[in-house]
Amino acid sequence: MAIEFKLPDVGEGLHEAELLKWLVDEGDYVREDQPLMEVQTDKAAVEITSPVNAQVSQLMGAPGDILHVGNVVVVFGDGKAGTVPGEKEAEAAVAVAAPAGTEPRAAAGVAVLAATEAAPATVPGGRALAAPATRKLARELGVDINRVAGSGPAGRVSAEDVRLAVGGTPTAIPTPATAAPVFTPAGDVIPAAPTQAQAAARAPVVPGVAEERIPLRGIRKVIAERMVKSKHTAPHVTTVDEVDMTELSAFRESAKAMAAAKGVKLSFMPFIFKALTVALKEYPYFNAAIDDERQEIVLKRQYHMGMALDTEAGLLVPVIRDVDRKSVFAIAREMQDLIERGRAGKLQPDELRGSTFTVSNQGSIGGLFFTPVINHPEVAILGLGQTLDRPVARDGQVVIRAMAYLALSFDHRLVDGAVATRFLNRVKELLSNPTLLMMEAM
């Protein structure tokens, strides 16, 4: 009996995904949970795994095709349909030929592995309800996903549930040496080598070729759509100021050995997140969103920091949740893990959503300051420039200090310029005085 497997919702409510590559060939025998294909959603590259032990008889689509949730993507032969579920269904359904005039169904003798909204946490065989990417993460971390308590709808297991099952903190996934990040003396992170996209941008002009056309797809397309929506929805204003990072630089240097003993590379970002959390609690309209449909201001009581990350696929914004409850070392460890897996294309969809405030750090690759675009529907975003030794006046004398520019873009519908300046002043005060920062943030 042939089995048709439909593209499932990978857990983020998407309607379509771009097929990046097949990981199996027609005629291959695959085992349950073996990766079949890699697709690009609007947030991340995700591997779709097999729901059965079977032989692949037909692959539907070619790399670059846009696949829609619910469409058949793989046809299996000689498989064991049994009670194997789809990604949102408790049991595989065997479809029958439909009478004339009714909704078409699969022909008799073809089992359809479909996706439905109502689903229990497990199936009779004890198989947990989880997205393919979450199952893959569980395998990589050595976690039996069927023993993990799911916190999602109907008991669905999320990537965060899996990480909590291994001790409550994210665990780094080994990445290829070529994808490993490099930590600069300033503590920021840059790629070990130019990405393919960066190399292509600097590629020499080919003689005789006037232009090249590349489909606008995947993350690049989503970035374009979101940037346009943000600029057209939120009236952007940017205020820029400079902060003295000298004392924080010395403090970080003194903590480096302790951090290294814990396997942590310590950059400025965890301290910046902590300073922002203090300021956000004092100025709650920066940790907010506007519900345009209901015309309401939504003040967030959780502090989830998004960090703009440059990857080969495009700009990603992985999220560190509950930064107000985590130590500097815990934030640094989680950030290091997200950066490594983000550049290797291994982030899970739920790690790329839910931020309440975003930070974009371009100082690691150069530039004094820039005007970042708000990560809508958030209200503001902080852009960090390079930290450079510069001569400044202190008490009537010129001294050398480690200075950096902070650029705060904000939604003028909700925040006025005076409030934005006070917010930025508070962030500056905390960053320039690490002792005060530690007292306020802990």
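Where is the place of Pro377 in this chain? I looked this up and found Pro377 in the loop between β20 (357–361) and β21, where helices (H or I, at least four residues) and strands (E, at least two) are DSSP runs numbered from the N terminus. I kept in mind that this is a predicted model, in which local features need pLDDT of at least 70, side-chain atom pairs count only at pLDDT 80 or more, and totals for chains, interfaces and linings use all residues. Residues are numbered from 1 along each chain as its sequence is written, and side-chain values use heavy atoms, with hydrogens and water left out.

**Backbone entries**

I noted that the peptide bond from His376 to Pro377 is cis, with omega near 15 degrees. Most peptide bonds are trans, and most residues other than glycine have a negative phi. I then looked up two positive phi values. Gln295 has phi near 55 degrees and lies in the loop between β14 (288–291) and β15 (296–299). Asp322 also has phi near 55 degrees, and its place is the loop between β19 (319–320) and α7 (328–343). For accessibility I used these classes: buried is under 20% relative accessible area, exposed is over 50%, and partly exposed is in between (1.4 Å probe, protein chains only). Gln295 is exposed because its relative accessible area is 65%, whereas Asp322, at 16%, counts as buried.

**Salt bridges**

I found 21 salt bridges in the structure, each being a side-chain nitrogen of Lys or Arg within 4 Å of a carboxyl oxygen of Asp or Glu. Asp241 and Lys428 form one of them, at 3.0 Å from N to O; Asp241 is in strand β13 (residues 236–244) and Lys428 in helix α8 (residues 417–432), so I recorded a link between distant parts of the chain, 187 residues apart, with Asp241 partly exposed at 24% relative accessibility.

I next turned to Arg390 and Glu242, whose closest N and O atoms are 2.8 Å apart in a salt bridge. This pair links strand β21 (Arg390) with strand β13 (Glu242), 148 residues apart, and Glu242 is partly exposed at 30% relative accessible area.

Asp244 and Arg394 form a further salt bridge, with the closest N and O atoms 3.0 Å apart. Asp244 lies in β13 and Arg394 in β21, so this pair ties together parts that are 150 residues apart in sequence. Asp244 is buried at 11% relative accessible area, while Arg394 is partly exposed at 33%. Salt bridges with shared partners join Asp244, Glu247, Arg394 and Arg401 into one network.

**Cavity**

A cavity here is a set of points, on a 1 Å grid over the protein atoms alone, where a 1.4 Å probe fits but cannot get out, and lining residues have an atom within 4 Å of a point. The largest cavity has a volume of about 100 Å³. Of the 15 residues that line it, the closest to its centre are Ile272, Asn361, Leu384, Gly385 and Thr387. I noted that α6 (269–282), β21 and β22 (397–411) each supply at least two lining residues, and that β21 gives the largest share, four residues.

**Strand β21 again**

Note on methods: 1 Å grid on protein atoms, 1.4 Å probe; cavity = no way out; pocket = protein on both sides within 12 Å on 5 of 7 lines; lining within 4 Å. Points joined across faces, edges and corners; volume = space filled by probe spheres on them.
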